[in-house]
Amino acid sequence: MVDTPTRRAVLGAGVFAAGSLLTIDASVAEVSLAPTPACHDGEAPTLRQTEGPYFKPSSPERIELIEAGMAGQPIELAGFVLTRACKPIAGALLDFWQADDQGRYDNSGFRLRGHQFSDAEGRYRLRSIVPGAYVGRTRHIHVKVQPRGGRVLTTQLYFPGEALNRTDGLFRRELLMQTAKNEGWLAGRFDFVVA
């Protein structure tokens with residue numbers, strides 16, 4: 001399978017190339033989001049995927065999953081939660097979980113697990129590390145997205161340029177994040193479209 005970008009990725013790539021999404025403060029990557037990306041009524045919803053065996057309910061509410069002394073490449077992932085008509089969804093629940101940089105999940109606590117709510121403009125922001133790959137799986141971040149009173153979207157986000165993308169049977173190019181490096185941080189962008 002070839003990692004070809006989706007229409008949404010191509011539209012957003014120009015914003016990354018222009019550098020308008022990325023600014024750095026003294027210690028972390030800040031991803032300033034552009035207005036709602038160009039799209040149209042009837043936009044395809046984000047592809048659903050399995051939650052896998054490592055989901056745990058009742059994660060803490062937080063946007064910062066990085067802990068003191070945690071190894072790994074820092075990443076700041078940001079984007080919007082949108083309707084199929086490209087309208088931002090305020091107050092949508094986003095629950096993230098992932099492996100550490102060695103490909104291990106914390107199944108006894110809530111390390112690298114947390115939930116948050118999209119803001120009034122439908123934006124979310126997550127600070128974490130790039131997860132490690134493990135046997136049979138490429139690097140990925142799990143997420144559940146649920147608008148207030150709406151259906152839960154469970155999916156996984158993938159990193160572009162990973163060799164294991166070609167051999168992971170769950171990988172889908174439609175779930176590739178846009179990424180750019182910025183002073184030690186990896187900046188990522190993904191917009192969720194929910195039905």
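**View 1. Strands β3 and β6 pair side by side in the antiparallel sense.** In this predicted model, strand β3 is joined to strand β6, which covers residues 123-129, by seven bridges, and the two strands run antiparallel. One place to look for this pairing is A78, which stands opposite R125 in β6.

**View 2. Strand β3 also pairs with strand β10, here in the parallel sense.** Four bridges link β3 to β10, a strand made of residues 185-189.

**View 3. Strand β11 runs parallel to β3.** Residues 192-194 form β11, and three bridges join this strand to β3.

**View 4. Strands β3 and β6 are each largely enclosed by the rest of the structure.** Strand β3 spans residues 74-83, and because eight of its 10 residues are buried, with under 20% relative accessible area as the cut-off, the strand is largely enclosed by the rest of the structure. For β6, five of the seven residues are buried, so this strand too is largely enclosed by the rest of the structure.

Conventions: Residues numbered from 1 in each chain as written. Predicted model: local features only at pLDDT ≥ 70, side-chain atom pairs only at ≥ 80, totals over all residues. Heavy atoms only, no water. Buried < 20%, exposed > 50% of the residue type's maximum accessible area, 1.4 Å probe, protein only. Pairing = 2+ DSSP bridges.
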